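Work through the exercises below with the model open. Try each task before reading its solution.

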Amino acid sequence: MAQEHLSIDLNKLQANLKAVKACIPESTQVWPVIKDDAYGHGAEVIAEFLESSVQGFCVVRVTEGIRLREVGIRCPILVFESPRKDTVKSYTSYDLIASVSSPLHIEILDSGTHFHVNIDTGMKRLGAPLASIPELITSIHQRSDCKGTGIYTHFVHADDPGSPRVLEQLSIFKKIRSQFPEDWMTHTANSGAIFHYAKELDVSYDMVRPGVCMYGYSAGDKAIDELQPILSWATRLIHIQPVEKGETVSYGGRWTAPEPGFVGVIPVGYAHGLSRLLSNRIQVLIDGNLHEQVGSITMDFSMIWLGENSYSIDTEVILLDGVHLRANDWAKLSDTIAYEITTRLSPNLPRTYLDKD
Ligand SMILES: *Cc1c(COP(=O)(O)O)cnc(C)c1O
């Protein structure tokens with residue numbers, strides 16, 4: 001086994017998908033968002049595993065869609081980024097669905113391209129501004145050689161249960177929706193909307209776009225108990241140092257030994273995605289015991305306070321297990337969200353996948 005590796009449990013991924021489906025009507029399609037290498041978990045394996053239980057996938061970049069086609073993914077793929085002159089051909093060559101939000105996007109599409117219209121109802125990111133809708137509709141009519149198949153928007157506050165802003169965005173969206181063909185697929189919901197709103201509000205429509213929840217994390221502060229993190233991260237002790245009471249550990253001497261003992265070294269640092277902001281703040285599991293990470297996390301190595309335990313070299317050290325040691329907790333400690341923790345995991349870390357078979 002490699003010195004450090006990420007292990008991804010596909011059974012838990014399946015369970016998270018089940019939890020998504022439990023929130024939405026049976027007729028609603030599920031198109032998981034596997035952008036940015038499936039939030040760091042490995043888009044190809046995740047897509048191959050999920051393909052038979054979902055109706056499509058969402059990615060951000062055309063290049064991500066191409067890669068999925070190259071490994072044999074056949075289901076519909078919606079691309080969130082806007083079409084550009086240098087990417088328009090790929091939508092038709094690789095059968096990818098474009099997201100359009102301006103007449104400029106529609107003008108440059110390759111003949112035969114399928115597209116969804118992205119409407120801005122408050123995000124102020126890629127959607128079409130409300131004032132531009134008439135113009136957009138005119139340009140769509142001029143491109144009868146392309147095929148509109150969907151319309152969507154994206155919520156700003158869906159991770160916050162009970163936010164009036166979700167309802168406001170939804171009612172703006174409903175008005176705009178009525179100006180587009182009835183048979184186009186409609187979608188609005190990300191993880192937060194699925195778990196915090198789909199039961200009381202009409203946000204599911206024809207399909208949902210679950211992202212972070214698929215990987216087992218709740219969007220926002222409210223815990224979603226049905227979700228299980230699919231990722232765990234383990235490494236090994238590669239070195240052990242004796243320290244005397246009063247000696248400091250690592251750059252800047254930001255931790256001082258309270259008593260004589262041992263400091264273990266793991267070959268994991270911020271270059272692998274263990275943020276330096278977590279220095280002196282997290283715990284790891286060794287042989288079932290919690291131990292503090294101590295001293296500044298360095299680029300390739302971090303130190304662990306072992307106290308009087310002198311474990312042997314190669315003893316397993318668990319950084320994340322999804323149960324006691326969770327990316328959501330790391331996120332809180334470093335003032336970010338689980339999304340950033342998992343997308344920062346170095347692509348060079350070996351990933352292994354657990355499945356029933
Ligand atoms: C990333 C993204 C999603 C998924 O969001 P989660 O909060 O991870 O569920 C859905 N829709 C769009 C447009 C996105 O960019």
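**Exercise 1.** Which residues form one aromatic cluster with Y39?

Solution. The model is predicted. Y39 forms one aromatic cluster with Y215 and Y339. The structure holds eight aromatic pairs.

**Exercise 2.** Classify the aromatic pair of F80 and Y152, then place its partners.

Solution. Step one: take the geometry. The rings lie 6.1 Å centre to centre, with 45° between the planes. Planes under 30 degrees apart count as stacked and over 60 as edge-to-face. The pair of F80 and Y152 is therefore tilted.
Step two: locate the residues. F80 sits in the loop between β4 and α5, and Y152 in strand β7, so the pair ties together parts 72 residues apart in sequence.
Step three: check burial. Both F80 and Y152 are buried.

**Exercise 3.** Classify the pair of F173 and Y205.

Solution. Step one: the ring centres are 5.9 Å apart and the planes meet at 80°, so this pair is edge-to-face.
Step two: F173 belongs to helix α8, and Y205 to the loop between α9 and β9. The pair therefore links parts that are 32 residues apart in sequence.
Step three: F173 is buried, at 0% relative accessibility. Y205 is partly exposed, at 21%.

**Exercise 4.** Describe how helix α1 packs with helix α3.

Solution. Step one: α1 (residues 10–21) and α3 (residues 43–50) pack at about 60°, with axes 11 Å apart. That makes α1 oblique to α3.
Step two: the crossing is right-handed.
Step three: L10, L13, Q14 and L17 in α1 meet V45, I46, F49 and L50 in α3. By class, this contact has seven nonpolar, one polar and no charged residues.

Key
Residues are numbered from 1 along each chain as its sequence is written. This is a predicted model: local features need pLDDT of at least 70, side-chain atom pairs count only at pLDDT 80 or more; totals for chains, interfaces and linings use all residues. Side-chain values use heavy atoms; hydrogens and water are left out. Axes are lines fitted to C-alpha atoms, for helices over the stretch in contact, and angles run from 0 to 180 degrees between N-to-C directions. Helices (H or I, at least four residues) and strands (E, at least two) are DSSP runs, numbered from the N terminus. Angles under 35 degrees count as roughly parallel, over 145 as roughly antiparallel, 65 to 115 as roughly perpendicular and the rest as oblique. A crossing is left-handed if the near helix is turned anticlockwise from the far one by less than a right angle, and right-handed if clockwise. Contact means heavy atoms within 4.5 Å. Ala, Val, Leu, Ile, Met, Phe, Trp, Tyr, Cys and Pro count as nonpolar, Asp, Glu, Lys and Arg as charged, and the others, Gly among them, as polar. Rings of Phe, Tyr and Trp (its six-membered ring) pair if their centres lie within 6.5 Å; planes under 30 degrees apart count as stacked, over 60 as edge-to-face and the rest as tilted. Buried means under 20% relative accessible area, exposed over 50%, partly exposed in between (1.4 Å probe, protein chains only).
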